[in-house]
Amino acid sequence: MVFGQLIIGPPGSGKSTYCNGMSQFLRAAGRKVAVINLDPANDVLPYEAEADIRELVSIEGAAEQCGLGPNGALVWCLEYLEANVDWLHGRLAALEDSYVLIDMPGQVELYTHHGAVRSIVETLT
């Protein structure tokens with residue numbers, strides 16, 4: 001069983017910075033920790049991700065292939081992750097002895113007006 005934190009907040013609020021700092025703190029305390037990036041729009045990570053949604057789907061590819069803007073492409077990427085959630089479960093299974101920090105996208109619409117993130121999180125519980 002995997003334990004950890006789901007890091008949410010508005011864009012630019014410091015979610016990735018928090019993941020970086022918390023992972024350093026946990027390592028210094030002797031804990032095994034892994035960070036997972038589930039924000040396909042975050043292309044500058046301050047930490048080394050054990051799993052990165054950009055390995056599965058590209059926001060640029062989604063925008064180009066589907067003719068979407070940045071927000072639409074982000075929604076499409078999370079819908080793609082929802083449809084391929086086994087990728088995430090496989091990555092988490094390999095980390096079962098680690099404390100996991102999951103860095104989420106910040107766009108509030110993903111949480112208030114769309115069900116993909118809710119569905120993904122429900123499969124993790």
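Reply: Let us begin with Glu55, which at 46% relative accessibility counts as partly exposed, and keep in mind that this is a predicted model.

Me: Which residue does Glu55 form a salt bridge with?

Reply: As a general idea, side chains of opposite charge can pair when their charged atoms come close. Here Glu55 forms a salt bridge with Arg91, and their closest N and O atoms are 2.5 Å apart. Glu55 lies in the loop between strand E3 (51-52) and H2, while Arg91 is in helix H4, so the pair ties together parts that are 36 residues apart in sequence. Arg91 counts as partly exposed, at 28% relative accessibility.

Me: How many salt bridges does the structure hold?

Reply: The structure holds three salt bridges. One of them joins Lys32 and Asp97, with 3.1 Å between the closest N and O atoms. Lys32 lies in the loop between helix H1 (15-28) and strand E2 (33-37), and Asp97 in the loop between H4 and strand E4 (99-103), so this pair ties together parts that are 65 residues apart in sequence. In another, the side chains of Arg54 and Asp52 meet at 2.5 Å, N to O.

Me: Are Arg54 and Asp52 buried or exposed?

Reply: A residue counts as buried when its relative accessible area is under 20%. Asp52, at 8%, is therefore buried, whereas Arg54 is partly exposed at 32%.

Me: Which residues of H3 are buried?

Reply: In H3, the buried residues are Ala73, Leu74, Cys77, Leu78 and Leu81. Seen down the helix axis, they fall within an arc of 135°, so they line one face of H3.

Definitions and conventions: Residues are numbered from 1 along each chain as its sequence is written. This is a predicted model: local features need pLDDT of at least 70, side-chain atom pairs count only at pLDDT 80 or more; totals for chains, interfaces and linings use all residues. Side-chain values use heavy atoms; hydrogens and water are left out. Buried means under 20% relative accessible area, exposed over 50%, partly exposed in between (1.4 Å probe, protein chains only). Helices (H or I, at least four residues) and strands (E, at least two) are DSSP runs, numbered from the N terminus. The arc is that of the directions from the helix axis to the C-beta atoms. A salt bridge is a side-chain nitrogen of Lys or Arg within 4 Å of a carboxyl oxygen of Asp or Glu.
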